[in-house]
Amino acid sequence: KLTGLALRPAITPELVQGRVHLRCSYSPAAPEPPVQYRVLWSRLSSAGKREQVHQETTPQAFSHVEMDGANLRLGDTVFCTVTAFRRGTPEQQSLPEDSKGFYAGIKILPESLEIAEDGKEHVLTVLSTVPIACPGQEDSCKITLHLSTEDLGKSSQAPGPPDIALSACQVDLLPGPCSGSSCAAATVTVTAVTDFAQEGNRVSRVSAQPGAPRDSLWRAYTPRDVKVTVRDLPTGNCYSFTDPHIITFDGW
């Protein structure tokens, strides 16, 4: 019987002839008699529903699909669903098994951050879950991401100048082997601006935008923003009077 197979499909990214592909691998069923696999690829739509993008039947324990920028685009969450059946008797099939969702694109981690106006630096990691590829331009291959900050303010106030500062205005993602969930990574630090203003907690966001990518896959793609909440800290005061006496920050 093929009802209780543990196929455990999983999606990994890889380069095939310089193009970004996703590979769905699964555990092969018992070799006798010959088994076929029906692999259904789908993506999560903006409405949160699965949309089928590709289906194939194969005797192999893997399936490929290309991130072509049309059927599958950067920013998609992709699934593969695998069903096994015996050749010649497709009615005898296993229960379909889903992979975990694979997010293809840029992640900025952590996805949200709460920091204080204390001058400390906090690290943001910018990583790509798919390989960086530049067909025909391998010698200078990279994806440059332009970083910006924006103050979202509070519900009772209009947005003002950004409450956070970044250590760099852009980062480069360079090609390299994929490891774990990262195919390329760079770091940038974020610090809360100490403005001596008692304004309560404010929310800013960090945005990344690919700059003039040569590869059509990266065009019209905007990674998810990171929300940064800045916690106000009371600041000290110093002042002088008469001959003079100096009152310092710590009250002496």
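**View 1. Strands β1 and β9 at the largest pocket.** Strands β1 (10–16) and β9 (102–103) each supply at least two residues to the lining of the largest pocket; strands are DSSP runs of E, at least two residues long, numbered from the N terminus. With four residues, β1 gives the most to this lining. The model is predicted: local features need pLDDT of at least 70, side-chain atom pairs count only at pLDDT 80 or more, and totals for chains, interfaces and linings use all residues. Residues are numbered from 1 along each chain as its sequence is written, and side-chain values use heavy atoms, leaving out hydrogens and water.

**View 2. The lining of the largest pocket.** A pocket is an open set of points on a 1 Å grid where a 1.4 Å probe fits, with protein on both sides within 12 Å along at least five of seven lines; lining residues have an atom within 4 Å of a point. The space in the largest pocket is about 210 Å³. Among its lining residues are A10, K100, F102, K107 and S181. Because domain 1 (10–104) and domain 2 (106–231) both give residues to the lining, the pocket lies between them; the domain bounds come from an automatic or database assignment.

**View 3. S63 in strand β5.** S63 is found in strand β5 (residues 62–66). Its relative accessibility is 1%, so S63 counts as buried (under 20% relative accessible area, 1.4 Å probe, protein chains only). The side chains of S63 and W41 are joined by a polar contact of 3.1 Å, meaning a pair of N or O atoms within 3.5 Å, one able to donate a hydrogen and the other to accept it.

Conventions:
Buried means under 20% relative accessible area, exposed over 50%, partly exposed in between (1.4 Å probe, protein chains only). Grid points are joined across faces, edges and corners, and a volume is the space filled by probe spheres set on the points.
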